[in-house]
Amino acid sequence: MVKFLLLALAFGLARAHVEIDGNWVTVAIAADNVKKIEEEGPLRIYLRELTCNESCDRLEFTFYIKANGQCTKTKVTGNRQEDGKYNAQFEGDNTFGPVYITPEFTIFANQNVDRTGQTTNMIYVYGKGQSLTPEQYEKIEEFAKVQNIPRENIQDVLATDDNTMRIMHHILLGMKSVLHINHHFFLNEFSPHL
């Protein structure tokens, strides 16, 4: 029985590694202390990448913080604790972990205790660049209620992420170039008389 449980745990960690690892953007944030996540708030992060080592005992976040109108790239590494949650230092002590993982969206619950001892309970919703559907937003509202976070404290971060717009713009330009190249290849390869 113990071997089965260890195998199940290993499989779960491997799956989490595959699904978490990669490029992500912050879609939404919720907190019981909304001042921490307002625009230019210390815990309003604009995620770019999650990197999980093979055993997922270390989880690295690459993100931007906006303060005084300037964006600063930051990397924070969380170490998995015995209870399965991660711990990292950023604007205080953070205890966090994924609570929902799909290829399109990942939701993390986080508890931050700042340098003054103030505790903030938070939810981070990360995605691949698309907005939440009304059904997904409703699920976030339900989870926020369980975390004692008022629904009016859920903030759409994707709409305020200038870097996301630039990234999406570059992706679209890249796709346009590929389509243009493929169009010329098709015309030259299959229609030499045109």
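Biologist: How many cavities of 30 Å³ or more are there?
Modeller: This is a predicted model, where local features need pLDDT of at least 70, side-chain atom pairs count only at pLDDT 80 or more, and totals for chains, interfaces and linings use all residues. Residues are numbered from 1 along each chain, and side-chain values use heavy atoms, without hydrogens and water. On a 1 Å grid over the protein atoms alone, a cavity is a set of points where a 1.4 Å probe fits but cannot get out. By this rule the count is 2.

Biologist: Which residues lie nearest the centre of the largest cavity?
Modeller: The lining (residues with an atom within 4 Å of a point) is made up of 13 residues. Strands β4 (58-67), β7 (93-101), β8 (105-113) and β9 (119-127) each give two or more of them. Nearest the centre are I45, N94, F96, N110 and Y124.

Biologist: Which side chain meets D114 in a salt bridge?
Modeller: A salt bridge is a side-chain nitrogen of Lys or Arg within 4 Å of a carboxyl oxygen of Asp or Glu, and the structure holds 4 of them. In this one, N and O are 2.8 Å apart. D114 sits in the loop between β8 and β9, and its partner 78 residues away, in the loop between β2 (25-31) and β3 (45-52). That partner is K36.

Biologist: Is R115 buried or exposed?
Modeller: R115 forms a salt bridge with E91, at 4.0 Å. Buried means under 20% relative accessible area, exposed over 50%, and partly exposed in between. E91, at 33%, is partly exposed. R115 has 69% relative accessibility, so R115 is exposed.

Key:
1 Å grid on protein atoms, 1.4 Å probe; cavity = no way out; pocket = protein on both sides within 12 Å on 5 of 7 lines; lining within 4 Å. Points joined across faces, edges and corners; volume = space filled by probe spheres on them. Helix = DSSP H or I, 4+ residues; strand = E, 2+ residues; numbered from the N terminus. Buried < 20%, exposed > 50% of the residue type's maximum accessible area, 1.4 Å probe, protein only.
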